[in-house]
Amino acid sequence: MLVYLIRRLAQSILVLLVMAVLVFVGIFAVGNPVDVLINPEADLQEQQATIERLGLDLPLHEQLFVFMGNAVKGDFGRSFLHGEPAMEIILTRLPATMELAVVALAISLVFGVLFGLWAGLKPYAFSGKTIMAGSILGFSLPNFWQGLMLILIFAVFLGWLPAGGRGETTEFLGMRVSFLTADGWSHILLPALNLAIFKMCLVIRLARAGTREAALQDYVKFARAKGLSPRRIVLVHILKNIMIPVVTVVGLELGSMIAFAVVTETVFAWPGIGKLLIDSIVNLDRPVVVAYLVLTVFMFVIINLTVDLIYSVLDPRVRLAEVKA
Amino acid sequence: MTSAANDLPTLEVRNLETHFFTRAGVLRAVNDVSFSVKRGEIMGLVGESGSGKSVTGFSIMGMVDAPGRIVGGEVRFQGQDLRQLDESAMRDLRGNRIAMIFQDPMMTLNPVLRIETQMVESVLAHDKVDRAEARRRAVEALGLVGISSPEERLRAYPHQFSGGMRQRVAIAIAMLHKPELIIADEPTTALDVTIQAQILHEAQKLCRRYDTAMIWITHDLSVVAGLADRVCVMYAGQLVEGGQVDAVLDHPLHPYTAGLIGSVPSQNMRGRRLTQIPGMTPSLLRLPKGCPFQARCDRAHDDCAQVPVSRELIPGRWVRCFYPCETEAVP
């Protein structure tokens, strides 16, 4: 178990290094941040001074070397744009995205599994077919359009929920969070729903397929023959079996929800890291982009590890030591 | 118990008809099936795959799923017609007074739940006892089927058991409530022969000990020969012959039974060719008019196009055939 964990972490560090180099070179190839950053009206001397201050006068490999040297020490440099440490900027905006993603995850998991179970148990009923048709719409329609429609319906026509922003926030463990106030909740609901719909539809399809398969298994027949109530058969015998694929996918999707909530955050003006990433790419703010991606990869690594650990809880046949990571 | 109650068969199935309404047509899986099982009696239900044995078992349990439906007949359990009961009353019976064991022990236990969970839930489904008591009963039941150190084994998951052990666990679960009837649907088919012998022995012992009636569904005549008191032979949804095991196996009356017995290799047939029943089982969707076996039968005459009625030729021996074999030879 311990060996397994160490091996997994060592592999992750390698991934992090390779990724950092690739992104660094990639952004370098996209364009020169100097063109974006420096006031064209500044004189040549001022421009030169700025370039030197940012270390952009050095050749690429030297810039990379300096960057990697600092990064290993945990310093990802300062944002070209804001002048603050890149990681700090990201971390101050991370809680907003995290809470959005967690609420979205909860919505997609709870409703996805419920609808999926239902559709799997009643595949030929009208309700089951409706759920499946809805799920196709859910992941076929573009995310931004769904977001706009949510705003149109709930904010504009019905006027029930605000169209954007984060609402009232409170301090929680040193982070600004929305989920402790009613106003915060009213703000988080729509963007979370927007972020959740796609994943929810994914979970519905997975849960339905799993349910239909499990319902035909002998252990379900045997459970019926034991005289168990249908509720116990569905909520214990079937549910626990379908959770294995669902947890895998949802775990991976949690990472992508946090990392790539860009569209939702833009549509709902949610001040999270997704929006920060877009802005940073536009401004070629390399330290922020690299720091962001390093954080993202780190997050994926942790999530994957957690998923593997949950696996062994859900499915006793999984032995972590034997898994070829 | 009064003698009248003793005389009442534990299970009496009369003219049972279970059909499956498929797109291709109505599939008559169980067609006019009647038999009865007494207390402590083991009845073998023999037939080929697809002859309707398992569906008969599920019909008794009230577990026939759509598109299947019981369309006629009675299933009398201790005198009560189970077809009149609603689902919740049936659920009270299942696992409690009628238990079922399935073919593949790899599949019948839920792979992600501990044996303990699966046994305790079974106890709690029918008796209002606390967990400790339910657990104690589970330990006792495991001990009953010959599982050593049951306390520790309770904590295990199904994949930590061998096939034979799992089937023992399944039997232990079936025995938890000391049911009056056990329906065993090919429980030894997936096991190797030595384990099969152990399980048969175990099942027989338990039935004798608790006076449990048992229906043992199988396609293996040798299993029936060693285990059952009586046997019914099923072909294409119908029971074609029934009687005491020894009598039926030694002197089969129905040509199909005779064919089945003739196709089993045995010591005293060394060096001779095995006989084979010509042709194939008819599709249950398109049964021929009259006797379903007529096309494969060398004794068939014109009147086999009529449906033969099951008749008791000799006391305790009945057959559904116009031209039964060797009636003369039967003592």
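Trainee: What distance separates the centres of domain 1 of chain B and domain 2 of chain B, taken over C-alpha atoms?

Mentor: The model is predicted, and this value is computed from it. Chain B is divided into domain 1, residues 3–228, and domain 2, residues 240–331. Taken over C-alpha atoms, the centres of these two domains are separated by 28 Å.

Trainee: Which element of chain B gives the largest share of the side of domain 1 that touches domain 2?

Mentor: The contact takes 14 residues from domain 1 of chain B and 10 residues from domain 2 of chain B. On the domain 1 side, strand 2 (25–37) and helix 10 (221–227) of chain B each supply at least two residues. The largest share, five residues, comes from strand 2 of chain B.

Trainee: How many residues of that domain 1 side are nonpolar?

Mentor: Sorted by class, the side of domain 1 of chain B that touches domain 2 of chain B has two charged and four polar residues. Its nonpolar residues number eight.

Trainee: Which helix of chain A supplies the largest share of the side that touches chain B?

Mentor: The contact between the chains takes 25 residues from chain B and 19 residues from chain A. Helix 9 and helix 10 (230–259) of chain A each supply at least two residues of the chain A side. The largest share, six residues, comes from helix 9.

Trainee: Where in chain A is confidence lowest?

Mentor: Chain A averages a pLDDT of 81, and 92% of its residues score at least 70. Confidence is highest in helix 9 (residues 218–225) of chain A, at 91. The lowest mean, 68, belongs to residues 175–177 of chain A, which form strand 2.

Notes. Residues numbered from 1 in each chain as written. Chains lettered and ligands numbered in written order. Predicted model: local features only at pLDDT ≥ 70, side-chain atom pairs only at ≥ 80, totals over all residues. pLDDT = per-residue confidence, 0-100. Helix = DSSP H or I, 4+ residues; strand = E, 2+ residues; numbered from the N terminus. Contact = placed C-beta atoms within 7 Å. Domains from an automatic or database assignment. Nonpolar A, V, L, I, M, F, W, Y, C, P; charged D, E, K, R; others polar.
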